[in-house]
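Here are my notes for anyone opening this one for the first time. Have the model on screen while you read, and take the points in order.

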Amino acid sequence: MKATAKFFFILNILILIANWGFVIYNYFSLPEIVPTHFGVSGEADGFGDKKMYFILLGIATALFVLMNYLSQNPYAPGLNIPDKMRENKDLTALFVQVLNFFCMVLFVNISYESFSVALEKQQDLSLFTPICLGLMFVVMFAFIIYANKQKTND
């Protein structure tokens, strides 16, 4: 489990770096006003300065740092997981790293698709975000069920 958590940690770093690289590389091709918010239907309903993408990257980076802190500290007050999962530090680290993976993928997708909308390559967001969120919740529940079964088997 430790090796898998380490794999996800490295993968998350690479995804975050790729997101920064993508935004920096494509930043100057954007118009000054870009979509900054999308409604439930996927259509842009908020617009702002293109510098807002760096705020998005800042949030992604802060979340990455926070999630890595939480993966190493299962009893941190900000980590709201079942006590049965907290007792297994390796499982907690893997759980948080997998959640971090989904978050990093979502941030990359949001950057990519909002750039595509800003550059008029697509009209609205794809279904990737809601599908990814749904998959993330399925994985969360699978981890919780696994942790509960592990405790009863001991």
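1. Let's begin with a pocket. Sort the lining of the second largest pocket by class and you get three nonpolar, four polar and four charged residues. Keep in mind that this is a predicted model.

2. You'll find S71 in helix 2, which covers residues 52–72. Is S71 buried or exposed? S71 counts as buried, because its relative accessibility is 1% and the cut-off for buried is under 20%.

3. Who are the neighbours of S71? Leaving aside residues up to four places away in sequence, S71 touches A93, V96 and Q97. With Q97 there is also a polar contact: the two side chains are joined at 3.2 Å.

4. On to the largest pocket, which holds about 460 Å³ of space. It is lined by 23 residues, and those closest to its centre are T36, H37, F38, I110 and L125. By class, the lining of the largest pocket has 15 nonpolar and eight polar residues, with no charged ones. Compare that with the second largest pocket, where four charged residues are part of the lining.

5. Which elements build the largest pocket? Strand 1 (33–38), helix 2, helix 4 (89–118) and helix 5 (128–153) each give at least two residues to its lining.

6. Time to zoom out. The protein chain has five helices and two strands, and along the sequence they follow the pattern α-β-β-α-α-α-α. Taken along the principal axes, the C-alpha atoms fill a box of roughly 60 × 25 × 25 Å.

7. A few overall figures to finish. Of the 154 residues in the protein chain, 40% are buried. Among contacts with a separation of 6 or more, 64% are between residues 24 or more positions apart. The accessible surface comes to about 9,100 Å², and carbon and sulfur atoms account for 68% of it.

Methods: Residues are numbered from 1 along each chain as its sequence is written. This is a predicted model: local features need pLDDT of at least 70, side-chain atom pairs count only at pLDDT 80 or more; totals for chains, interfaces and linings use all residues. Side-chain values use heavy atoms; hydrogens and water are left out. Helices (H or I, at least four residues) and strands (E, at least two) are DSSP runs, numbered from the N terminus. Buried means under 20% relative accessible area, exposed over 50%, partly exposed in between (1.4 Å probe, protein chains only). A polar contact is a pair of N or O atoms within 3.5 Å; within protein, one must be able to donate a hydrogen and the other to accept it, and residues adjacent in sequence count only if both atoms are side-chain atoms. Contact means heavy atoms within 4.5 Å. On a 1 Å grid over the protein atoms alone, a cavity is a set of points where a 1.4 Å probe fits but cannot get out, and a pocket is an open set with protein on both sides within 12 Å along at least five of seven lines; lining residues have an atom within 4 Å of a point. Grid points are joined across faces, edges and corners, and a volume is the space filled by probe spheres set on the points. Ala, Val, Leu, Ile, Met, Phe, Trp, Tyr, Cys and Pro count as nonpolar, Asp, Glu, Lys and Arg as charged, and the others, Gly among them, as polar. Accessible areas come from the Shrake-Rupley method with a 1.4 Å probe; for residues, only the protein chains shown count as cover.
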